[in-house]
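Q: I'd like to go through this model piece by piece. Can I put it up and start asking?

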Amino acid sequence: MTQPRSGPKNRSARSSRSSKTSDTGLPRGITADDLIDYYKRMVLVRTIDERIWMMNRQGKVPIAASSQGHEATQLGSLLAAEKDGDCFLFTYYRDLAVKMAAGLTPSQVMKSFMGKEGDPYSNGRQFPLQGADLDHKIIQLSNVVAAGLTQAVGYALASRMQGDDTVSIVYFGDGASSQGETHEAMNFAGVHKLPVIFLCENNHYAISVPQKSQMAITDIANRAEGYGLAGVVVDGMDIIQVYEATREAISHARSQGPVLLEMKLERFMPHTTDDDDKRYRPAEEVDNIRQRDPVITMGQYMTEQGFLNQEQIDEISKEATAAINQATDEGEEAPLPDPSTMFDHLFKD
Amino acid sequence: MAVISVIEAVRSAMQEEMRRDSSVFVLGEDVGKRGGVFLSTQGFLDEFGESRVIDTPLAEASIMGIALGAAFKGMRPIPEVQFSDFVWPSINQLVGEAARARYGSNGQLTVPMVVRIPYGGGIRGGLYHSQNVESFFFHVPGLKVVSPGTPYDAKGLLKSAIRDDNLIIFLEHKKSYRLVRGEVPEEEYTIPIGPSDVKRQGSNITVVSYGLMLHHCLEAAELLSQEDVDVEVVDLRTLRPLDTETIINSVKKTGKILIVHEDNLTGGVGAEIAAIVADQAFEYLDGPISRLCGPDIPTMPFAQSLEEAYLPNTDKVASALRELAQY
């Protein structure tokens, strides 16, 4: 793993790499046990992600958006949010790793992807893992990209009005950065200096449209200055850097106002199971980005640091496969939602 | 009882609820120092401060998205759309997000939010300050649509709306704001969302309306009474959920129905009422289900002659009632 890159891109940002590393060489606030825990979560997410894709090909899962390649960002930011405490997340459709790491069980994930009874987000009303998981402080309603940004800003506004310390973190892709509501959300957050983090998972593709056709700039974080926000570019393939940047961003958001974190990362799979990326993406490009697979690089880091040995790495992988096998069985055995529930929860009485 | 205008009733309802419940707040364009372009929030900034009276940028999508996000955290936002014509940029947040939040989260999320929308024409507002937007919201599951016609109803319904835990589209006819005055009690009261109100009892013809058009219907009913035609006037007050029972009971009594709205004819609220009456009171009908509505052109032309030609009025309602009476 690379060492954290020093300094934010945007000088208005205060979230530079000022965090002190402890004697163990780890960033502040985390231990080797945390990293072992998060490595296990990463392997588990990757394993279930691959399984879900396979089940789509078997006709058992209607649709899936893969988080493969995004895991370091999703897990690193969640680790920061968990360590900090009071964060509330507005995710988007590629955030399987965020949602799982936040507490969903593999069995719940499987039920959700199969549209079965027991999906905690919507109980089979919506696409997999869309709706809300309030037990784990996550809202993700829709597939209209960027719709969550203004909602997260409103949530942050309410935090301030209610006098609590909650920081909203809203996840979105480079595609969503083009929406008008992204501008509106960042502008309002800047005006009121609200405790919100705009966490952009920039994988350089809006389905098939490459970044150069979406925008004339290289770093989305540069837009922060136009809104009076702090803007930071982060290597989103590196869980340690993501953790540190998010940790900084949370304290900045709370004390000074909103932050735009641009996580540079890669999408390993097509947009969804319905997409064919061979139509628009050279095979060698995919081969190249896979050289930086966050699961592999984190595994190497763990062995290099002596946190895990190869035998333990293999064991973690085996445990993940066993857990996913069991979750798959539970998903297949779960009943479909009863049609009589179709009219439930239209209104609160 | 004091006699006040519709806008005073709206202001008074919000003021009382904001005093009662600190989670209620208003946001919108010019709601702060300006007190709203129609002065619905006049004095609010001084009384409640800028944390609860928020002047927003001119960006309707974010006004609704921010209100929704605050509602998710237990606040009770009252976002104002300055003119109904400006609601379209926020439609995704209202229809795509807020109206589906509870259903789409299987009951986890709650949206205690009242979207206040001054709407309607007759004020020389042209195509972009006159629109009737009710039929668009009327079509949407997961929200309620309220459209009062009198100060008494406006105040009582708005107070109920603010206390409701669901998304309410609260439509205020802007021409009624100062034109329509009426008695409102000094003491606390609310009016439940849902039930319509029979504003005039009658036995020969039922006329169903809401908002400003209600008053033209009442005037026309008075004219017809001098011609020995006894007209019953049903004020819907709430459009969604529709009080089907009152409409059907009235039609069973009179055998004839005229539906009057300013909104365009095609696909309007009247079309749904016509279908319901045909379905549930067919055997009681003694004449065609009739509608007097705005014609199918964009609301609403600016020139006085064109605006008048567009709008239903007392004479037009009276003519339609005479025709139906003679059937």
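Q: Which elements do the buried residues of helix 9 of chain B pack against?
A: They pack against strand 10 (205-209), strand 11 (231-235), strand 13 (257-264) and helix 10 (269-280) of chain B. Contact here means that two C-beta atoms, placed from the backbone, lie within 7 Å. Helices (H or I, at least four residues) and strands (E, at least two) are DSSP runs, numbered from the N terminus.

Q: What should I know about the model and the numbering?
A: This is a predicted model, in which local features need pLDDT of at least 70 and side-chain atom pairs count only at pLDDT 80 or more, while totals for chains, interfaces and linings use all residues. Residues are numbered from 1 along each chain as its sequence is written, and chains are lettered from A and ligands numbered from 1 in the order in which they are written.

Q: Back to helix 9 of chain B, which residues are buried?
A: Ile247(B), Ser250(B), Val251(B) and Thr254(B) are the buried ones, in a helix that spans residues 244-254. They lie on the same side of helix 9 of chain B because they cover an arc of only 100 degrees around the axis. That arc is taken from the directions from the helix axis to the C-beta atoms. A residue is buried if 20 or more other C-beta atoms lie within 10 Å of its own, exposed if 12 or fewer, and partly exposed in between.

Q: And what follows helix 9 of chain B?
A: Gly255(B), with a positive phi near 80 degrees.

Q: What is the strand order in the open sheet of chain B?
A: The order is 9-11-10-13-14, five strands with mixed pairing. Two strands pair if DSSP finds at least two bridges between them. Strand 9 (197-200) and strand 14 (290-294) of chain B are the edge strands, each pairing on one side only.

Q: How many bridges join strand 10 to strand 11 of chain B?
A: Five, and the two strands run parallel. Ser209(B) has Asp235(B), in strand 11 of chain B, as its bridge partner.

Q: Which strands does helix 8 of chain B lie across?
A: Helix 8 (residues 213-225) lies across strand 9, strand 10, strand 11 and strand 13 of chain B, at about 170 degrees to strand 11 of chain B. Angles run from 0 to 180 degrees between N-to-C directions, with axes as lines fitted to C-alpha atoms, for helices over the stretch in contact. Helix 10 of chain B lies across strand 10, strand 13 and strand 14 of chain B, at about 155 degrees to strand 13 of chain B.

Q: Where is Asp228(B), and is that residue buried or exposed?
A: Asp228(B) is in the loop between helix 8 and strand 11 of chain B. Asp228(B) counts as exposed because 8 other C-beta atoms lie within 10 Å. Phi of Asp228(B) is positive, near 65 degrees, in a residue other than glycine.

Q: How many residues does the contact take from chain B and chain A?
A: It takes 33 residues from chain B and 34 residues from chain A. On the chain B side, the elements giving two or more residues are helix 3 (60-72) and helix 4 (91-104) of chain B.
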